[in-house]
Amino acid sequence: MNNAADIVLVFLVLTNLMLLGLSRLGACIRTVALQGIALGLLPLLTKGGHMELHGTAFAIAIILLKGGVFPWMLMRTLREVNAQREIEPFIGYGKSLAVGTLILVVCIWLGSRLPLPEPVMSSLIVPVAFFTIMSGLFLIVSRRKALTQVLGYLVLENGIYAFGVALVDKQPLLVELGILLDIFVAIFVMGIAIFHINREFDHIDTDKLSGLRS
Amino acid sequence: MMTTLKLVHLVLAFVAAPLLLGIINRTKALFAGRRGQPLLQAYYDIWKLLRKGAVYSRSTSWLFAAGPWIGFAAVVAAATLVPFGGARAPIAFPGDFLVLIYLLGLSRFLLVLSALDTGSSFEGMGASREVTFSALSEPALLIALAAVAKYTGCMSLSDMVVATVPHLWLCAGPIVVLVGLALLIVFLSENCRIPVDDPNTHLELTMIHEVMVLDHSGPDFGIILYSAALKMWLLGQVLVGLVVPAHTGVLWVDTLAVLLSMALLAVLVGIIESSMARVRLLHVPQLLVGATTLSILAVVLVLR
């Protein structure tokens with residue numbers, strides 16, 4: 001049992017559950033930042049210290065981007081759109097937490113049914129990656145504010161990245177860098193889009209946008 | 001030798017319990033920039049109340065007078081089941097953690113009954129809140145202890161704590177952290193500390209524990225205060241016993257380590273109370289569901 005990696009993985013689960021239960025958008029952004037930092041630490045812990053230069057550099061890039069740049073951009077958007085909290089999500093916070101626990105149990109069962117071809121750093125990584133992906137999806141479908149949905153998208157990507165860490169030796173660095181660049185641009189564009197939605201309609205509630213044509 | 005040691009530990013718990021309140025209050029005073037009440041203020045209060053006479057309303061029955069004392073007896077019985085650090089409890093048998101939880105439940109039940117006995121709608125409100133929140137925090141406590149029981153393979157609280165030797169931290173760190181967090185939230189909620197209830201308010205419609213005991217006076221109220229302090233000490237000892245593995249084998253070092261970690265727990269509670277606001281009443285269930293989720297996560301990790 002790789003203890004340090006396990007602690008980080010459990011921390012990922014906890015940040016996901018926190019996101020499901022938090023209503024303040026600022027706190028949500030900070031939680032996602034923490035999750036990004038933990039995620040950046042993950043590949044460093046897998047190797048047990050001896051790490052090539054480009055791997056370390058990549059981990060540092062991940063930590064800087066996910067723990068620093070994305071939260072900073074989202075915080076700036078938050079200040080501009082002047083929306084402090086998710087008022088009425090489609091699914092309430094208590095229910096979201098309960099659903100999260102249920103998803104977690106399903107993911108752990110799923111993880112036990114999908115053994116990876118070769119031993120990975122921790123048996124937890126597949127279920128946790130699944131759980132992160134699922135809770136990201138759940139955030140996207142259950143919240144009203146565009147900003148929370150962007151956070152859900154980020155969490156979803158974090159889950160995919162965690163899955164990639166499990167196969168870190170197999171995955172070429174270039175692919176990872178490409179994905180990172182993609183989400184960087186996506187967050188950038190989404191921040192601007194949210195700003196424009198807000199300026200046009202004075203709110204960022206996505207469910208009201210379906211009535212645009214009338 | 002072992003019997004005397006256990007008795008000494010028990011007496012230590014009885015004597016030191018109100019000191020926790022003193023430490024919490026001094027920590028809060030320090031944060032607020034005040035001098036604060038004396039460390040032994042809780043002892044003075046209890047002693048003063050015990051010497052006074054009690055006033056009984058004409059509308060109350062014997063239940064009102066009996067409630068605090070039977071509740072106290074239940075907490076004393078619970079004290080014999082709680083291990084002191086790495087040492088075994090005076091009474092230990094498989095499944096004793098269930099008895100512990102239900103003895104504490106019994107004490108709360110009697111307090112609720114005597115609150116309802118006054119017929120005051122104000123006290124009825126407090127009683128209703130108390131049972132609602134305890135019904136939510138009980139599963140968290142139970143599932144957390146079940147996770148530890150499953151992991152260590154011991155069904156007795158004493159065995160669990162003895163099995164929490166330092167290597168548990170090394171090979172099951174996540175589980176210890178989750179159980180510790182869940183128990184901390186339960187500790188705060190059961191003892192009516194700040195994220196759930198504010199022990200300083202007496203005239204607010206949102207208070208929980210304090211409103212139930214408004215009509216008690218004199219020795220009855222004193223014994224309620226003492227039972228609450230003892231309950232806090234017991235739950236704190238369960239938390240400390242599972243999280244802090246103080247098993248050096250040297251007797252006085254172990255005892256000192258437990259006392260020190262209890263003091264640190266009190267300081268931690270003081271810091272939490274100074275830095276957090278009380279959660280809105282409607283959001284308390286969410287906090288407690290969160291604690292239950294942590295416990296369930298611990299169980300899932302154990303069963304994996």
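User: How many of the 26 residues of α10(B) are buried?
Analyst: This is a predicted model, in which local features need pLDDT of at least 70, side-chain atom pairs count only at pLDDT 80 or more, and totals for chains, interfaces and linings use all residues. Residues are numbered from 1 along each chain as its sequence is written. Buried means under 20% relative accessible area (1.4 Å probe, protein chains only), and helices are DSSP runs (H or I, at least four residues) numbered from the N terminus. α10(B) is largely enclosed by the rest of the structure, because its buried residues number 23 of 26.

User: Where is Cys192(B) found, and is Cys192(B) buried or exposed?
Analyst: Phi of Cys192(B) is near 60°, a positive value in a residue other than glycine. Cys192(B) lies in the loop between α8 and α9 (209-212) of chain B. With a relative accessible area of 8%, Cys192(B) is buried.

User: How many residues of chain A are in contact with chain B?
Analyst: Contact means heavy atoms within 4.5 Å. On that rule, 17 residues of chain B meet residues of chain A numbering 18.

User: Which helix gives the most to the side of chain B that touches chain A?
Analyst: Chain B and chain A bury about 1400 Å² between them, 76% of it on carbon and sulfur atoms; buried area is the accessible area (1.4 Å probe) that two parts lose on being put together, summed over both. On the side of chain B that touches chain A, α7 (167-171), α8 (173-190) and α12 (284-303) each supply at least two residues. With nine residues, the helix that gives the most is α12(B).

Definitions and conventions:
Chains lettered and ligands numbered in written order. Heavy atoms only, no water. Buried < 20%, exposed > 50% of the residue type's maximum accessible area, 1.4 Å probe, protein only.
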